[in-house]
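Okay, thanks for having me, everyone. Let me put the model up, and then I'll walk you through it.

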Amino acid sequence: MPSVETIPINLAKLVNAGDLECECMACHLPLDVRHGPVEWRLTWRFPGPYPEPGVETMLLCDPCYRDWVEHPDELGGFPSSSHRV
Ligand SMILES: [Zn+2]
Ligand SMILES: [Zn+2]
């Protein structure tokens, strides 16, 4: 029985739909905290196994963006590219 949650891979579809909700995949914020407006588009490179090596692009609010880029060791992987949306 796998205990690791499956991470949805199909983020590109959400980006194309113009759905600007924070897509933070490993959030440290409490669930009842509302995320701010999306300000960053971050491409993250996972060396694996999360669930396998690869890159993910996420739209992130500013606190989440900083969480990712300032604590890459905790989240696994490292930023590949980012820009403001
Ligand atoms: Zn977050
Ligand atoms: Zn967020």
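So, what geometry does the site of the zinc ion (ligand 2) have? It's tetrahedral, with angles of 101 to 117° among its 4 donor atoms. Tetrahedral here means four donors with all angles between 85 and 135 degrees. For reference, the ideal angle for four tetrahedral donors is 109.5 degrees.

Housekeeping: this is a predicted model, where local features need pLDDT of at least 70, side-chain atom pairs count only at pLDDT 80 or more, and totals for chains, interfaces and linings use all residues. Residues are numbered from 1 along each chain as written, chains are lettered from A and ligands numbered from 1 in written order, and side-chain values use heavy atoms, without hydrogens or water.

Who holds ligand 2? C22 (SG), H35 (ND1), C61 (SG) and C64 (SG), at 1.8 to 2.3 Å. Donors are N, O and S atoms within 2.8 Å of the metal (3.2 Å for Na, K and Ca), and with water not among the atoms, sites may look incomplete. The zinc ion (ligand 1) is 4.1 Å from the zinc ion (ligand 2), and C64 coordinates both. C22 lies in the loop between α1 (11-16) and β1, and C61 in strand β2, so the pair ties together parts 39 residues apart in sequence. Helices (H or I, at least four residues) and strands (E, at least two) are DSSP runs, numbered from the N terminus. C61 is at 0% relative accessibility, so it counts as buried (under 20% relative accessible area, 1.4 Å probe, protein chains only).

Now the sheet: it's open, 3 strands, order β2-β1-β3, with antiparallel pairing (strands pair if DSSP finds at least two bridges between them). β2 (54-61) and β3 (78-84) are at the edges with a single partner strand each, so one side of each has no neighbour in the sheet.

Definitions and conventions. Four donors count as tetrahedral if all angles lie between 85 and 135 degrees; four count as square planar and six as octahedral if opposite donors are over 155 degrees apart and all others between 65 and 115; anything else is irregular. Buried means under 20% relative accessible area, exposed over 50%, partly exposed in between (1.4 Å probe, protein chains only).
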